[in-house]
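Hi there,

Here is the structure I promised to pass on to you. Have it open while you read, and I'll walk you through what turned up.

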Amino acid sequence: MIKQISELWRWQVLWADWPKFAVAFLKTLEIAFFALALALCLGVIFGLMSTSHNRLLRGIARVYVEFFQNTPLAIQVFFVFFALPYAGITLSKVTIGILCVGTYTGAYMSEAVRAGIGSIPKGQFEAAQSQGFTYIQTMALIILPQTIKIILPPMVNQMVNLVKNTSIVTMIAGGDLMYRANAFATNGTMSYGPSYLVCGILYFILCFPLTRWARRYEDRLKQRDVQTNLEIEKMEEELV
Amino acid sequence: MKKLLALLLSVTMLFALAACGGGDDSASTGRTPGDIAADGVLKVGVKTDVPGFGLLDTVDNTYSGIEIDLSYKIAEELGIDKVEFTPVTAATRGQLLDSGDIDMVAATFTITDERKQSWNFTTPYYIDAVSLLVKKDSGIEGIADLADKVIGVSTGSTSMQALIAAAADQEVTLTDDNFSEFATYPEIKAALDSGRVDAFCVDGSILAGYVDDTNHILESVRFSPQEYGLATKKDNTEWAEYLENLITGWLEDGTIAQIVADNGVVASFEAE
């Protein structure tokens, strides 16, 4: 690997193919973006369902989470790609990537949301109810905003995992970044060294800003918390 | 500034990680025939899913095929009787050689000028031709029908380039969009069965293992001779020469022709 990376001509061969890598990079971005949107929606919906008082809703959420958490993503993708056409359903590879990665990550996100809601003191719900808030208002205006700083770290973990998991579509020749890197690494001059290194760096470029942003956002939220606490302390002191 | 530093550090770490992964290849040039004989084990990378060449019987965990027989024959020459087989795919075989995990690759590895830049190859012990497997009801009769079709190929095989060239001869343009690369042959077969790809393109010997009632190999389409050679690490010249002498010798005295016939494989393809 090191030897290949140090050979300049391999980099020249790679450079000549950069448009293909660019197309693949965009495809990975496309899958990641829509899968993330889907995962967030599913995460919130099923997270709410699993904390609801309705047993049926809770049951449905449980089944969803357990099914997707306990079967490999690869099997899910293979099933949709190879088996569904027999039932007359032929989805495009990008759609499969978005659907499978989105629903898979959604299961993990819903667990994070559930844990977040569970950590909010019961008094908050009761207070909201006593003020005449409906269920949706309570959740949207009072509970969920408070859960954000609790669930942010696990959520971002899942987001980064999601970006990396999009490489699963390589197995069904999805044309994403990993697929292109693989194809380049194993065809022609077989320059796997430069190919995989560039592929790794490109994934890094996608994931790194995400984790940095989350860290900063989390810090800001915590800072705001400290300030609020200080103010409360001050008020208390004044009262005494 | 701090942010930039953090980024720089991370990228350096990435490089360092890459360095760890490939540490072996700069360290040694690989084992000489003497080393292998002294060690008593010959390590060979083989296919597990190619009938007649390298096939793993999962019931009793034994390998069979031309490339297996050839490996034992080489071990015999080295004066040892133990051969350790490592399953490889088109995508992993080169890297396993470079890392020193295996001494040679005998896995329907087609010799090309580009690949010769990275590894040593012996004189071909078998010459195959690329062919197409299609569903009987697909209506595909030749390369001319492929322009708007999707063709399944194996990641890291030469079939794709060979088919593009053969199609160009018939004034059919095939692009990247016409191909889907899969990691293993069974996946391509599954893709063909489910209609995800319209044709399965790879060396004829390999295709023969996937023929069933619903599909057939296009007998009229046989192109691009594929020369299979034993591959070894680029800088291990002593070992490469040793194997080269064995293969050329066995080609002359008919040993290899016998092995091919014993495994029920058709004789090498002769290009017109």
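Let's start with a strand in chain B. Strand β11, residues 199-203 of chain B, is mostly covered, with 5 of its 5 residues buried. Before you go further, please keep in mind that this is a predicted model.

Which strands pair with β11(B)? One of them is strand β8 (residues 126-135) of chain B, which pairs with β11(B) in the antiparallel sense over 5 bridges. If you want one pair to look for on screen, take Ser131(B), whose bridge partner in β11(B) is Val202(B). Strand β9 (residues 151-154) of chain B is also joined to β11(B), by 2 bridges, and here the two strands run parallel. A pair to look for there is Gly152(B) with its bridge partner in β11(B), Phe200(B). In case strands are new to you: strands of a sheet pair through backbone hydrogen bonds, either parallel or antiparallel.

There is another sheet to look at in chain B. It is an open sheet of 3 strands in the order β2-β3-β4, with antiparallel pairing. β2 (49-50) and β4 of chain B stand at the edges with a single partner strand each, so one side of each has no neighbour in the sheet. β3(B) and β4(B) run antiparallel and are joined by 3 bridges. One of the pairs to find is Asp57(B) and Thr62(B), with Thr62(B) being the bridge partner in β4(B).

While you're there, have a look at Asn61(B), in the loop between β3 (54-57) and β4 (62-64) of chain B. Its phi is near 60°, a positive value in a residue other than glycine. Is Asn61(B) buried or exposed? Asn61(B) has 8 C-beta neighbours inside 10 Å, and the cut-off for exposed is 12 or fewer, so Asn61(B) counts as exposed.

Ala173(A) is not a glycine either, yet its phi is positive, at about 55°. You'll find Ala173(A) in the loop between α8 (135-165) and α9 of chain A. With 26 other C-beta atoms within 10 Å, Ala173(A) is buried.

Now zoom out to chain B as a whole. Its secondary structure comes to 11 helices and 14 strands, and buried residues make up 43% of its 272 residues. Of the contacts in chain B with a separation of 6 or more, 77% are between residues 24 or more positions apart.

The axes of α8(A) and α10(A) come within 10 Å and cross at roughly 180°. The two helices are therefore roughly antiparallel to each other. Among the residues that meet there are Ile148(A), Leu152(A) and Val160(A) in α8(A), and Tyr203(A), Leu206(A) and Leu221(A) in α10(A). By class, the residues of this contact divide into 14 nonpolar, 1 polar and 4 charged.

Val156(A) is a handy place to look at that contact up close, since you'll find Val156(A) in helix α8 of chain A. Where does the count of neighbours put Val156(A), buried or exposed? Val156(A) has 20 C-beta neighbours inside 10 Å, and buried needs 20 or more, so Val156(A) counts as buried. Leaving out residues up to four places away in sequence, Val156(A) touches Leu210(A), Thr211(A) and Ala214(A). Val156(A) and Met109(A) are 47 residues apart in sequence, but 9.5 Å apart in space, C-alpha to C-alpha.

Last, the place where the two chains meet. How many residues does each chain give to the contact? Chain A gives 22 residues and chain B gives 28 residues. On the chain A side, the elements that give two or more residues are α1 (2-5), α5 (73-83), α9 (177-186) and α10 (192-239). The largest share of that side, 6 residues, comes from α10(A). By class, the chain A side has 15 nonpolar, 6 polar and 1 charged residues.

Conventions
Residues numbered from 1 in each chain as written. Chains lettered and ligands numbered in written order. Predicted model: local features only at pLDDT ≥ 70, side-chain atom pairs only at ≥ 80, totals over all residues. Contact = placed C-beta atoms within 7 Å. Helix = DSSP H or I, 4+ residues; strand = E, 2+ residues; numbered from the N terminus. Nonpolar A, V, L, I, M, F, W, Y, C, P; charged D, E, K, R; others polar. Axes fitted to C-alpha atoms, helices over the stretch in contact; angles between N-to-C directions. Parallel < 35°, antiparallel > 145°, perpendicular 65-115°, else oblique. Pairing = 2+ DSSP bridges.
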